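Hi,

Here is the structure I promised to pass on. Have a look at it first, then read my notes below.

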Amino acid sequence: MSTPKTTMAGPVNLPLPEGDPNPVAGCRQCLGVAVTRANARSVGDYSKATAANVVLRTHLREDHGAE
């Protein structure tokens, strides 16, 4: 009878998380999302801050042509 393997084959390499997206100067929607993100972080709501980053990245891609 063989002994089952209980370890992983190799190390797991995870990338660093992306930085916060930057709002476009003069865009009210960008500013609004950035303020929401800052307010969420100030009260420790990191889930809401992360959601704001997703909204901002989507807005930047769709409305400003960012990649």
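**What I found**

Let's start with helix 1: its 15 residues reach 21 Å from the first C-alpha to the last, close to the 21 Å expected at 1.5 Å a residue. Keep in mind that this is a predicted model.

Which residues of helix 1 are buried? They are Cys 30, Val 33, Ala 34, Arg 37 and Ala 40. These residues sit on the same side of helix 1, because they cover an arc of only 125° around the axis. The general rule is handy here: an α-helix has 3.6 residues a turn, so residues three or four places apart point the same way. Turn to the face of helix 1 that points away from the buried side, and you'll find the exposed residues Arg 28, Leu 31 and Ser 42.

So what covers the buried residues of helix 1? The cover includes helix 2, which runs over 46-64. Just after helix 1 comes Gly 44, with a positive phi of about 80°.

Now find His 59 in helix 2. His 59 has a relative accessible area of 5%, which is under the 20% cut-off, so this residue counts as buried. Setting aside neighbours within four places in sequence, His 59 is in contact with Cys 27, Gln 29, Cys 30 and His 64.

Last stop: the segment before helix 1, where Met 8 lies. Met 8 counts as exposed because its relative accessibility is 60%, and the cut-off is over 50%. Together with Val 12 and Leu 14, Met 8 makes a nonpolar surface patch of about 380 Å².

Cheers

Key:
Residues are numbered from 1 along each chain as its sequence is written. This is a predicted model: local features need pLDDT of at least 70, side-chain atom pairs count only at pLDDT 80 or more; totals for chains, interfaces and linings use all residues. Side-chain values use heavy atoms; hydrogens and water are left out. Patches are made of residues with over 30% relative accessible area and no salt bridge: like charges are joined within 9 Å, nonpolar side chains (Val, Leu, Ile, Met, Phe, Trp, Tyr) within 5 Å. Accessible areas come from the Shrake-Rupley method with a 1.4 Å probe; for residues, only the protein chains shown count as cover. A salt bridge is a side-chain nitrogen of Lys or Arg within 4 Å of a carboxyl oxygen of Asp or Glu. Helices (H or I, at least four residues) and strands (E, at least two) are DSSP runs, numbered from the N terminus. Buried means under 20% relative accessible area, exposed over 50%, partly exposed in between (1.4 Å probe, protein chains only). The expected span of a helix is 1.5 Å times one less than its number of residues. The arc is that of the directions from the helix axis to the C-beta atoms. Contact means heavy atoms within 4.5 Å.
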